[in-house]
Amino acid sequence: MITKILLLLLLSCPFLSNAEAALQAVGKTRFSVLWFDIYDATLFSEDGRHQSNQAPLKLSLDYRRDILAKHLLEETRKQWKTVPGINEQRRQFWLKELEKIWPDISEGDRLSFILHTDDRGEFLLFEQSLGIIESPGFARAFINIWIGPNSQYPRQAKKLIGES
């Protein structure tokens, strides 16, 4: 009986728990403001290549300075305002969900985001899950801050998706 329960638990683990170890780097970039380095970003996929609308994807941000969670939320709010098709109500809902799970960041922390599907994304601090947000379009809208066609940082986006 215990063996069956353990087997069921193992089989019910999220898809990426095993596949995540096999993800390969697609591209990498450093994000800086003026002369301040903020983070190094790396995008991962199953085959080390980027294709439109693919999943799973993992974006890891290795922070080079301390950042309060409220500043991360404010920057995310600003970025989403530039993305067509995200209404204010949806944006506010997503920001409240993020507020529940995002910690303050310390220099040296790695905050990662796994896009499981367009509607389901998971945040990790180092490799420890902080939480999953499931909402129509959320995960794609979040990762598109970095790699989408309307990214405010097109040079970094190209590096992340392996085009530069």
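Me: Helices (H or I, at least four residues) and strands (E, at least two) here are DSSP runs, numbered from the N terminus. Which helices each supply at least two residues of the second largest pocket's lining?

Reply: Helix 5 and helix 6. This is a predicted model: local features need pLDDT of at least 70, side-chain atom pairs count only at pLDDT 80 or more, and totals for chains, interfaces and linings use all residues. Numbering starts from 1 along each chain as its sequence is written, and side-chain values use heavy atoms, leaving out hydrogens and water.

Me: What's a pocket here?

Reply: An open set of points on a 1 Å grid over the protein atoms alone, where a 1.4 Å probe fits, with protein on both sides within 12 Å along at least five of seven lines; lining residues have an atom within 4 Å of a point.

Me: OK, the largest pocket. Which residues lie nearest its centre?

Reply: Phe31, Ile38, Tyr39, Leu72 and Glu75, out of 31 lining residues. Strand 1 (24–33), strand 3 (57–63) and helix 6 (154–160) are among the elements giving two or more.

Me: Which element gives the most?

Reply: Helix 3, with five residues.

Me: And the second largest pocket, what's closest to its centre?

Reply: His50, Asn144, Ile147, Gly148 and Pro149, of 14 lining residues.

Me: Switching to Asp40. Buried or exposed?

Reply: Buried, because its relative accessibility is 14%; the cut-off is under 20%, with a 1.4 Å probe and protein chains only. Asp40 lies in strand 2 (residues 36–45).

Me: What is Asp40 in contact with, beyond four places in sequence?

Reply: Thr29, Arg30, Ser60, Leu61, Asp62 and Arg64. Contact means heavy atoms within 4.5 Å.

How values were computed. Buried means under 20% relative accessible area, exposed over 50%, partly exposed in between (1.4 Å probe, protein chains only).
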